[in-house]
Amino acid sequence: KPKIIWFRRDLRLSDQAAVAAASDSPVIPVYILDDETPKHRIMGGASRWWLHRSLEELEACLQSLGSRLILRQGPAAEHLAEIVKSSGADEIHALHHYEPWWINAERMLEKSLGDEARLILHDGNYLLPPGTVTTGAGTPYKIYTPFWKALRQHMPPGEAAPAPESLDAPDNWPDSDALDDWGLLPTKPNWAAAFGDHWQPGSAGAEDNLEDFADKAADYDEGRNLPSEELVSRLSPHLHFGEISPATVWNRLAGQGSKVETYLKELVWRDYAQNVIDQFPQYGGESYREKMRALPWRDLGDDAVKADFGAWCQGRTGYPIVDAGMRELWATGWMHNRVRMIAASFLIKHLLIDWREGEKWFWDTLVDADYASNSVNWQWVSGTGVDSNMFVRIMAPLTQSEKFDAGDYIRQWVPELAEIDDPYIHDPEDHGCRPADYPAKIIGHKEARQRALGAYAKVK
Ligand code: FAD
């Protein structure tokens with residue numbers, strides 16, 4: 001009997017336990033674009049661009065092994081149950097995912113399968129499955145540092161399983177959609193026109209990024225906060241879509257010893273975020289700290305607030321480092337982590353706009369948009385989360401800019417400021433050299449700080 005491999009955010013053939021477990025029988029690889037299962041968070045625009053390119057690559061890899069990729073659109077449980085019926089498959093193999101909608105889809109699927117076939121879930125998209133490392137009391141960790149220390153004890157992960165050399169085909173292939181008919185790529189306007197210059201979605205691109213990074217991983221500790229230097233791995237979209245396993249990344253780099261410890265520690269933030277979502281599935285939708293839910297955010301229904309939010313989205317706040325980040329995001333679908341923190345803090349504290357609005361904008365515009373990592377980081381910046389920076393620690397964007405950028409990052413993404421000398425580029429307005437085509441600051445730092453502290457005083 002054939003077995004189904006149900007791909008989700010695990011679009012790879014190496015170190016993919018569902019592929020390994022199914023490949024001793026004829027296999028039917030399936031990907032379902034599911035925007036309909038209840039509680040489903042519809043994938044954002046930038047992620048859809050990535051998905052299209054990644055599925056193209058996965059399909060080509062499967063074809064080179066003698067197989068295919070069956071594409072379906074709609075509720076996953078219904079499609080899988082139908083494929084089981086028409087093919088006689090008795091097992092569906094998939095990797096575990098912890099977003100609430102996937103848990104929902106799995107429950108629905110198990111119900112509709114009855115005794116006809118089994119859903120078999122495997123680990124492998126995280127260094128360790130959420131909930132595995134626990135406190136002395138046997139409860140899952142809520143705070144990052146003890147989580148990291150406990151997880152570190154279980155590393156290194158096991159060696160990666162290689163991709164199969166061939167895959168047997170079933171007697172009959174189920175119907176498949178054509179990828180091009182899904183309309184995942186933007187047309188008019190084609191806002192993703194430049195994405196292809198920055199990214200190669202798919203496992204081959206992931207492995208290339210890992211190899212490039214391996215040569216400079218020892219510089220990560222010092223360089224990771226400098227957005228103009230190319231010293232971070234840019235693996236996040238590849239890891240999000242599961243084109244490479246975190247175990248592969250760990251094992252490739254860990255041989256470099258203590259020099260890469262900072263990197264491994266960052267990689268574990270991804271596991272930590274998933275561990276939080278596993279405990280608090282609604283984390284993306286509301287502040288974890290109850291008292292912070294009453295924070296008097298400015299109302300987006302108000303035109304002035306809407307205009308401020310628009311300026312932030314478009315990178316026209318008058319704060320060069322924030323604007324550079326927001327424009328990098330728009331042009332490439334990614335933003336450097338240090339600048340993500342500055343831009344997020346600016347929205348929440350300087351503009352006093354609900355973190356959930358920023359989270360949604362990132363969800364739509366990031367190629368690495370990830371329910372767990374996005375919401376955990378937004379709640380960390382906003383001081384509303386389970387393990388958070390304090391709300392009253394208000395990042396000063398100009399100080400951050402001077403500390404982490406010599407000016408090159410701003411120059412790259414804000415061409416209006418390209419001619420301004422280093423010491424002035426962080427705050428051209430204050431130095432009387434703001435070009436006419438670059439906006440004035442939408443709010444002063446002191447005034448914003450006071451407003452944010454006043455808002456916090458009402459809930460603390
Ligand atoms: P590197 O510095 O090379 O790190 C290696 C890997 O570790 C990353 O690819 C990522 O998988 C993981 N990682 C590193 N830092 C974090 C972190 N703070 N949280 C979780 N995982 C981390 N990351 C996402 O993958 N998806 C998101 O939707 C996302 N939203 C964010 C929103 C905000 C407001 C902030 C401040 C951060 C967000 N991050 C998110 C975390 C981080 O910014 C990105 O993972 C990182 O910038 C990706 O670049 P990189 O692959 O070069 O990272």
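A residue is called buried if 20 or more other C-beta atoms lie within 10 Å of its own, exposed if 12 or fewer do, and partly exposed in between, with C-beta atoms placed from the backbone. The structure is a predicted model, in which local features need pLDDT of at least 70 and side-chain atom pairs count only at pLDDT 80 or more, while totals for chains, interfaces and linings use all residues. Residues are numbered from 1 along each chain as its sequence is written.

The twelve residues of α12 (residues 303–314) should span 16 Å at 1.5 Å a residue, and the end C-alpha atoms are 16 Å apart, which agrees; the expected span is 1.5 Å times one less than the number of residues. Within α12, D308, A311 and W312 are buried. They cover an arc of only 100° around the axis, and therefore lie on the same side of α12; the arc is that of the directions from the helix axis to the C-beta atoms. The face turned away from this buried side carries the exposed residues D303, A307 and G310.

The ligand is surrounded by 27 residues, of which V232, S233, N337, N374 and N377 are the closest; a residue counts if its C-beta atom, placed from the backbone, lies within 6 Å of the molecule. Helices α9 (236–240), α11 (261–279), α14 (337–350) and α16 (371–382) each supply at least two residues of this shell. Domain 2 (126–155 + 203–279) and domain 3 (290–457) both contribute residues to the shell, so the ligand lies between them; the domain bounds come from an automatic or database assignment.

Note on methods:
Helix = DSSP H or I, 4+ residues; strand = E, 2+ residues; numbered from the N terminus.
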